[in-house]
Amino acid sequence: MNKMLKIFLIAGLSTASFAKPASAINYTGAISAKRVGNINISTISPNDGVWRGVGATTVILYPQQTIKLNDAKANKLNAANLAKKVQVSAIYSSSAVAFRLVWSDPTQDTLSGIKTDVYGDGFAMQLPVAFSDPKKLPYIGMGSDGRPVVVSLMKAITAHYEPNGKGDIEHQLSSSNTVLFGDELKAYKAKVASTGNIPYVKSFISEGFRSMTEVKDGSAKLGMKMSYNPKTKQWTGVVAKSLNDGTVRLGGHGALPVSFAIWDGGKLNRGGVKNLSSWIAVKLQGKGGDDALVRELTATPSGNATAGKTQVEAMCASCHTLSDAKKAANPYMGPNLKDIGGYSTNAYLAESIKDPSAVVVPGYNKNAHKNSPWYNVDPKTGKRTSTMPPMMTDDKMINDAVAYLKTLKAGVEK
Amino acid sequence: MSKRQLAMVMDLNKCIGCQTCTVACKTQWTNRNGREYMYWNNVETYPGDGYPKKWMELGGGFDAAGDLKEGTIPNIQSDYGVPWDFSFDEIATFDYTKNNPTPAFRADETPTWGPNWDEDVGTGNFPSDNYFFYLPRICNHCTNPGCLSACPRDAIFKRDQDGVVLVDLDRCQGYRYCIAGCPYKKIYFNPKLSKSEKCILCFPRIEEGLPPACAQQCVGRIRFVGFLDDEESQVHKLVNKYKVALPLRSDYGTGPNIYYIPPTEAPAKFDAEGKIIEGSERIPVKELETLFGKQVHDAIKTLRAEKDKRAKSGESELMDLLIAYNHEDMFRLDNNYYQEIAKAKGNANPLAPIDERYVKGKYTTEISHFKAEEHE
């Protein structure tokens, strides 16, 4: 009983009342996770008692603009997207971590029935498979070579069926193609409905967008739920995941990097067309260690953004789009940097300027824009080398450029 | 580009629009499991809006610089047509002893469009210069597929052994960029699986030496199937030797591998008195040029010259090919070729579909490393 009480007291500390420890780390911008006795991964829900007394931190999710996709309608609808505010609450236990996300969305979009051009709203949590060097976190866009991430995804899709799933061929037949009537037909339809997988909760392992592969062997211990409140026009999503399962090895840390994404089906969001946060530090209350990670992810860039602007515009704008006004000469050559400051860490930006081939994600389909190769592939080793040469070597120049790039981001939705 | 490429030739002079191919495909693949609205094979009337509606105006494919163009994803109600069910169940349980029984046989949808909605409409004035012809369409298994290029998940692949373009259903996440990217709109979204699906060129049949169901069942025997690099195949002869079989809308830049013999054998036009206008073309060559490119002029010349030659001398290899004497010659597939590939891969069952990715996914905790393939 005494022990329980202690846990409750520690757990009772909310974000607002989080005391600064002696090392004087600035936790602004970090999420504080409250310690709870137990997180039931499979039954976690938005109204779960475990969320009682847990504060919320505002996390900004920026529109992802990296590559131009080819859906004409979606491109039009998402051309002027703003960043979105998401209220994030966090809890952890000895073996699991859980987040509750609340965000506004004017419409509840669900993919149900026979529709070809409707998309469901959704949300996702991204965790690195493992991490040690806070300056070398996986690329935010679903990881990078040798720095894999695990993405936990939920979409508002009513029922879906696995192809070849469960080896049940008989019940794949459309009900009008059966010879059944009456009660037999009803039973058939019920059986078909029961073979559908509800809800649409999936786990993926990825080393850069495009390499994303679904984890189907049950090794990801994951629970997700989402519910829409039509009165407040808000989605609430919860995600709980084991810190040591077949996919991630994150136990024992004092803080974790996490990122979130949300999709607005009403704007035909799916895949890369979404809002995405940068890596956010999650401080596990009452647990020591990983101060360097928190420092790294909450640091403001030290460089001079004005000096950086001049440099970047002179050196980068021929291949990278910097804003709607500063469009690249070739729109397919380099990733769009319009919102790069919103979802990239300082360390990633610095690393990519210094050594462009350190992180080369296979996100771009060589076949789609064959005259604008982002990178070349060694046919023997499969290693990708960026087409971009190292642009700056001087640390001051790099710091200034990072300071400027961090300012490139969309405005925040009210 | 794949090592080898399977191709199909369809002789439009002989297509009677009977839809036997459509039904062969539907019963083989698309009458179930969320595919009910899909027609991997359809026969549309040209000129016409086709299926999906006005597909030629929906974008996709590549521009002159080789960049993938934007496209629009069709809507099921207005562009494809919703498959409807009839109220069989209600009829079976309907109580006809009650007062005023109304006929209970109804459709559960009021369709506004569907495959073949504008069948035989065509254009022009009857009988002087009206015309239409049938245009059977399947996936073009392109050399440079728009769908493959558009996929941000690397879920679409082109088989090296025969160039068949397939969707890896384990990788597909249902984003539908492929549909926007395909200028022929021959890849479809399966809402029941939340994944994209398309014509698979009946690869499980092909691997056993059998032609695709649509080609096998064609009553007009308009379809030839074989490897383009096989000089003995009739496909090779029609496409490469005589150059009378041409790809559809090659201006989309995807390198389609389904070829068409252009429709040249239409009756001449009539004048106001109903007399034949000698030498007139009922099907405007300009329309054929839109569909099949400038090469259509040479193809028409060759076809007519060979027809004359046959009439005069009784001999023409090309005309013999187009008569389509027997299936054995029209379909040159190589069951042994696939068995050898299977053996080399150490596949215990040589007749199992060879691309395991399609049938069985990677159920694994290991990371699937993305292999960047060089496309030419």
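Biologist: Is Glu44(B) buried or exposed?

Modeller: Glu44(B) is buried, because its relative accessible area is 5%; buried means under 20% relative accessible area, exposed over 50% and partly exposed in between, with a 1.4 Å probe and protein chains only. This is a predicted model, in which local features need pLDDT of at least 70, side-chain atom pairs count only at pLDDT 80 or more, and totals for chains, interfaces and linings use all residues. Residues are numbered from 1 along each chain as its sequence is written, chains are lettered from A and ligands numbered from 1 in the order in which they are written, and side-chain values use heavy atoms, with hydrogens and water left out.

Biologist: Which strand is Glu44(B) in?

Modeller: Glu44(B) belongs to strand E2 of chain B, residues 42-46. Helices (H or I, at least four residues) and strands (E, at least two) are DSSP runs, numbered from the N terminus.

Biologist: And what does the side chain of Glu44(B) make a polar contact with?

Modeller: Its partners include the side chain of Asn42(B), at 2.9 Å, and the side chain of Trp55(B), at 2.6 Å. A polar contact is a pair of N or O atoms within 3.5 Å; within protein, one must be able to donate a hydrogen and the other to accept it, and residues adjacent in sequence count only if both atoms are side-chain atoms.

Biologist: Which residues is Glu44(B) in contact with, leaving aside neighbours within four places in sequence?

Modeller: With contact meaning heavy atoms within 4.5 Å, Glu44(B) touches Gly50(B), Tyr51(B), Trp55(B), Asn116(B), Phe133(B), Tyr134(B), Leu135(B) and Arg137(B).

Biologist: You mention Tyr51(B); is the peptide bond from there to Pro52(B) cis or trans?

Modeller: That bond is cis, with omega near -10°, and Pro52(B) sits in the loop between E2 and H2 of chain B. The bond from Phe126(B) to Pro127(B) is also cis, with omega near 0°, and Pro127(B) is found in the loop between H3 and strand E3 (133-137) of chain B.

Biologist: Is phi of Leu201(B) positive or negative?

Modeller: Phi of Leu201(B) is positive, near 50°, in a residue other than glycine; Leu201(B) is in the loop between E7 and helix H6 (203-206) of chain B, and counts as buried because its relative accessibility is 5%. Ser194(B), which is not a glycine either, has a positive phi of about 60°, and is in the loop between strand E6 (187-190) and strand E7 (195-198) of chain B.

Biologist: Switching to the interface, how many residues of chain B are in contact with chain A?

Modeller: There are 62 residues of chain B in contact with 63 residues of chain A, and the two chains bury about 5600 Å² between them, 51% of it on carbon and sulfur atoms. Buried area here is the accessible area (1.4 Å probe) that two parts lose on being put together, summed over both.

Biologist: Where is the salt bridge across the interface of chain B and chain A?

Modeller: The rule finds one salt bridge there, and the side chains of Glu70(B) and Lys68(A) meet in a salt bridge at 3.4 Å, N to O. The rule asks for a side-chain nitrogen of Lys or Arg within 4 Å of a carboxyl oxygen of Asp or Glu. Between chain B and chain A, 18 residue pairs are in polar contact, both at pLDDT 80 or more.

Biologist: What is the mean pLDDT of chain A?

Modeller: The mean is 87, and 91% of the residues of chain A reach 70 or more, where pLDDT is the predictor's confidence in each residue, from 0 to 100. Over residues 1-23 of chain A, however, the pLDDT is below 50.
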